[in-house]
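The sequence and the structure come first.

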Amino acid sequence: MSDLNDPGEVEAASLKAAVLVEALPWIRRFRGRVMVIKYGGNALAGHGEEEALASFAEDIVLLASVGVRAVVVHGGGPQIGELMNRLGKVPEFVDGLRVTDGETLDIVRMVLSGQVNREIVAALNVHGPLAVGVSGEDAGLITATARDPRLGFVGDVASIRPELLTRLLAEDLVPVVSTLGTDETGQVYNINADTVAGAIAAALGADKLVYLTDVAGIRLDRHDPATRVSKTTVEHLDALVADGTIEGGMIPKVLSCTTAVRAGVAQAHILDGRLPHALLLEVFTDRGIGTMVTGDALPEETTEEDR
């Protein structure tokens, strides 16, 4: 360690110290608590896939290092589409949902459990033996039911058996979950990752559910960043969905947030995962950078303890 003689170096060091001091109350608050983080393929679009994944891995490892019990849930829509195109299989959609026949299901399983899951696990394990890849097929973790015969093997969550995850968390490991489930006959289904993340958070009694996506939280006008809602309630979100303010691909995330919070998850967050270290900025700073959802009416002045 060298002495700090240059005023610029002293200022930079002081800023780092201030950040650590600001983070300390949050570290104390969330130590030993469960946090479920949904990492979507769209979150990789900001500054290159390798850089984005490395930044995300650093955030998760830091959470684990300070005692947060982190569970990562991931999808893989863009990667599934890419492999289908490479194999010459034309995607088919019904009401915006991918039709999943037997051949497509094989592709989905290869991508989710064999590619995306392994990439995330490897990125985390660069920092030590921390992460374990898990499929929803494992140990009956996710029981699924068919959503619509027109969609083929696309499912909904029927139930979550969290015992496998709680055992891994008790060993200070980070489960990385691919969103496949099985029905009572053993048939595999592909399930929306946003829905799975909310269901797992509820089953674990998580303190936080965080969605890393490609938008900076919920906006009252999706074209205007200045309309981002910093803090809101499930009732307010219900109203925004009902009147059409929230639409399209944001609806599954919002519904997952409201369902999870109503099931006992303390807080849910939606933020732009393309920003470097977005997760740490949201969890360990006083103001946050996304949208936080709670079950209770918000106080007129939100304090550090509330955020």
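Predicted model: local features only at pLDDT ≥ 70, side-chain atom pairs only at ≥ 80, totals over all residues.

## Negative surface patch

Helix α2, residues 49-65, supplies the largest share of the patch, with 3 residues.

E82 belongs to helix α3, which spans residues 77-86. The relative accessibility of E82 is 45%, so E82 counts as partly exposed, the class between the limits of 20% and 50%.

## Stacked pair: Y39 and F56

A search of the whole structure gives 2 aromatic pairs. In one of them, the ring centres of Y39 and F56 lie 3.9 Å apart and the ring planes are at 5°, so the pair is classed as stacked; planes under 30 degrees apart count as such.

## Edge-to-face pair: F153 and Y189

For F153 and Y189 the ring centres are 6.0 Å apart and the planes are at 65°, so this pair is edge-to-face; the cut-off for that class is over 60 degrees. Here too, distant parts of the chain are linked: F153 is in the loop between β6 (142-146) and β7 (154-160), while Y189 is in strand β10 (residues 188-191), 36 residues apart.

Are the two residues buried or partly exposed? F153 has a relative accessible area of 25% and is therefore partly exposed. Y189, at 9%, is buried, since the limit for that class is under 20%.

Definitions and conventions: Residues numbered from 1 in each chain as written. Heavy atoms only, no water. Helix = DSSP H or I, 4+ residues; strand = E, 2+ residues; numbered from the N terminus. Buried < 20%, exposed > 50% of the residue type's maximum accessible area, 1.4 Å probe, protein only. Phe/Tyr/Trp six-rings, centres within 6.5 Å; stacked < 30°, edge-to-face > 60°.
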